[in-house]
Amino acid sequence: MNYKVCVYAICKNESKFILDWYESVKDADYICVLDTGSDDNSFELLKSLNIITKQVKFSPWRFDTARNESLKLVPTDADILVCTDLDEFWQKGWVEKLKNAWHNGVGRIRYEYIWNFDEFGRPATIFYTDKIHANHKYKWIYPVHEILIPITDENLQTITVEGLSLHHHADNKKSRSSYLPLLELSVKEFPKSDRNMHYLGREYMFHGQYENAIKTLKKHLKMPNSTWSDERSASLRFISRCYEKLANFRLAKKYLLKAIIETPKLREPFYELALLYYNKKDYLSSLATFESMLNIKDRELNYISEPNCWNETCYDYMSICAYYLGLKNKAIYYCNQALQIKYDERIANNLSIIQNSNMKTR
């Protein structure tokens, strides 16, 4: 069957991304963009590319309302809808892979999403998401961190398509100041949503409102539907971060130990506990915790995964711990492990210092 693919998006002042974004999506049968009030040349640029577009300004602003309005631009004969932002770029061949995987009865498709890249251009945070969906079957909810929900009673499948990859290259200069009030509104509108409670607590932490963050994240942990262990572990880690900022090492450590108990399969709580020890100059405990972390070999690909647990960073810290403990061989070994992953001049200089030091080899 010749399925028709439609990419749809919302846009505000995205002129610097539009041409590259268009290049990545131009193989779709339809492209629709709702401009939500650009005051640069985004709207004019979209029209010049013959994209189906319209400008609508929203007051008050909320993402779900804008996304649902953008759906109204989608032609009725489109089969597969692909929601992206204009700072997200598909890799070549994505339309063919999508059409080949789609079949009757499919409602959603999961695909790889690279949310950010490190300073060397390597994928950092990688997880799977599912913003590809059947037409006329879903709508968006939540003022921010919006999600799709079905609007029919059909038993539609969600399938995963390997090799389908969307790359996010965010404009880090863009303000996210609207997120906090929108998350507070989300929790008010959907008080039973554990997901929104977790996000709100995390946002308070980002804003330096540590007491509010602790209170909200503890509330998340007590919710009956807060059952996803990875997210619960993240809440425990964020509580620990807040206590550390409040100079309460005892409670910071307590909540990281709770996070380890919650998810012994994840490196993240071990990594943060090792850093907590490191910052207190307890190099023995730090090194032992890092070494325990390395016993975990499988990375969970979700948005909670922290890239530094899997790159050269942990080996860098371990080499420094070993150096201060007088463990020359270990310090050299961990420097070399870090350099095998990525060459870094500072780490290379550390290796030279350690090799030429008068430490006893042990």
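Tyr-323 is partly exposed, with a relative accessible area of 32%. In this predicted model, Tyr-323 also belongs to a cluster of aromatic residues joined by ring pairs. The structure holds 20 aromatic pairs. A pair of aromatic rings is described by the distance of the centres and the angle of the planes.

**The pair of Tyr-323 and Tyr-324**
- The ring centres of Tyr-323 and Tyr-324 are 5.6 Å apart.
- Their planes stand at 65 degrees, and an angle over 60 counts as edge-to-face, so this pair is edge-to-face.
- Tyr-324 has a relative accessibility of 51% and therefore counts as exposed, the cut-off being over 50%.
- The cluster that contains Tyr-323 and Tyr-324 also includes Tyr-271, Tyr-278, Tyr-283, Phe-290 and Tyr-317.

**The pair of Trp-90 and Tyr-111**
- Among the aromatic pairs of the structure is that of Trp-90 and Tyr-111, with ring centres 5.1 Å apart.
- The planes of these two rings are at 55 degrees, so the pair is tilted.
- Trp-90 is located in strand 5 (residues 88-90), whereas Tyr-111 is located in strand 6 (residues 106-114).
- The pair therefore ties together parts that are 21 residues apart in sequence.
- Trp-90 is buried, at 5% relative accessible area, and Tyr-111 is likewise buried, at 1%.

**Charges over rings**
- The charged end of Arg-108 sits over the ring of Tyr-138, at 5.2 Å from the ring centre.
- Arg-267 lies over the face of Trp-310, 3.8 Å from the centre of that ring.

Terms used: Residues are numbered from 1 along each chain as its sequence is written. This is a predicted model: local features need pLDDT of at least 70, side-chain atom pairs count only at pLDDT 80 or more; totals for chains, interfaces and linings use all residues. Side-chain values use heavy atoms; hydrogens and water are left out. Rings of Phe, Tyr and Trp (its six-membered ring) pair if their centres lie within 6.5 Å; planes under 30 degrees apart count as stacked, over 60 as edge-to-face and the rest as tilted. Helices (H or I, at least four residues) and strands (E, at least two) are DSSP runs, numbered from the N terminus. Buried means under 20% relative accessible area, exposed over 50%, partly exposed in between (1.4 Å probe, protein chains only). A charge sits over a ring if NZ of Lys or CZ of Arg is within 6 Å of the ring centre and within 35 degrees of the ring normal.
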